[in-house]
Amino acid sequence: MNPGDALFDGLVAHGHVVPVGVAGAFGRGPVFEDVLARFDALVSRIAADESPEWVMFPPVIDRRVLDRVRYLDSFPQLCGSVHSFFGDPKQAAALAETSAGGGDWGPYLGQTGVVLAPACCYPLYPTLEGTLPAGGRVVSLLGWAYRHEPSPEPTRMQAFRVRELVRAGSPDDVVLWRDRWLDRGVALLQALGLP
């Protein structure tokens with residue numbers, strides 16, 4: 001038995017996660033969601049002194065963003081590309097027949113202009129180009145991310161929410177901000193009683 005199986009089975013038994021038949025993807029029960037909402041609120045209170053801008057993006061991004069940052073050079077196995085049907089009615093019928101027969105209908109699809117976001121900050125970066133305001137920017141993001149890492153271990157998810165704070169500014173300001181948040185993160189986990 002995989003060590004993650006007992007944890008996953010316990011989370012299911014208590015209604016915290018809802019299996020959907022795909023490793024690394026599951027529904028979230030009310031207690032699971034409540035814990036996430038409370039943790040997010042705690043992070044928001046800690047970050048309030050910085051007055052971060054809230055920006056929300058969809059879980060898909062222009063695939064050219066991944067090309068530009070050369071994501072596929074380092075993480076090709078994690079990429080989630082969105083494909084769709086572009087064919088004519090005859091090809092649609094063949095697609096439906098192939099699917100109904102349990103066949104591989106992937107060849108009937110073509111790549112779209114979007115990929116699944118591997119982190120919720122990726123769509124933000126292109127918007128930061130140009131001149132920053134004096135003092136830079138702090139942006140708060142909450143969104144869905146996808147990484148193709150199917151696993152029965154419930155802490156290794158393919159689709160997951162990410163809370164990110166992004167600091168854009170001078171290198172010195174960003175390093176100081178990062179160091180302050182490293183200390184804040186440790187203090188936060190210790191305050192929660194987590195080892």
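Some ground rules. Residues are numbered from 1 along each chain as its sequence is written, and side-chain values use heavy atoms, with hydrogens and water left out. Since this is a predicted model, local features need pLDDT of at least 70 and side-chain atom pairs count only at pLDDT 80 or more, while totals for chains, interfaces and linings use all residues.

I start with the sheet that has strands in the order 3-7-8. Strands here are DSSP runs of E with at least two residues, helices are runs of H or I with at least four, and both are numbered from the N terminus. This sheet is open, has 3 strands, and its pairing is mixed; two strands pair if DSSP finds at least two bridges between them. Strand 7 (residues 137–146) pairs with strand 8 in the antiparallel sense over 10 bridges. Within strand 8, Val-162 is the residue opposite Gly-143.

What packs on this sheet? Helix 2 does, touching strand 3, strand 7 and strand 8, and its direction makes about 0° with that of strand 8. Contact means heavy atoms within 4.5 Å. Helix 6 lies across strand 7 and strand 8, at about 135° to strand 8.

Now the two helices together. Helix 2 (residues 30–47) packs with helix 6 (residues 171–191) at an angle of about 140°, and their axes are 12 Å apart. Axes are lines fitted to C-alpha atoms, for helices over the stretch in contact, and angles run from 0 to 180 degrees between N-to-C directions. The two helices are therefore oblique to each other: under 35 degrees counts as roughly parallel, over 145 as roughly antiparallel, 65 to 115 as roughly perpendicular, and the rest as oblique.

Which residues meet? From helix 2 they are Phe-39, Leu-42, Val-43, Ile-46 and Ala-47, and from helix 6 Trp-181, Arg-184 and Leu-188.

Next, salt bridges, meaning a side-chain nitrogen of Lys or Arg within 4 Å of a carboxyl oxygen of Asp or Glu. The whole structure has 13 of these salt bridges. One joins the side chains of Arg-161 and Glu-33, at 2.8 Å from N to O. Arg-161 is in strand 8 (residues 159–168) and Glu-33 is in helix 2, so the pair ties together parts 128 residues apart in sequence.

Strand 5 pairs with strand 6 (residues 109–116) over 4 bridges, in the antiparallel sense, and Ser-81 stands opposite Val-115 in strand 6. Strand 4 and strand 6 pair over 3 bridges, also antiparallel; Asp-62 has Val-114 in strand 6 as its bridge partner.
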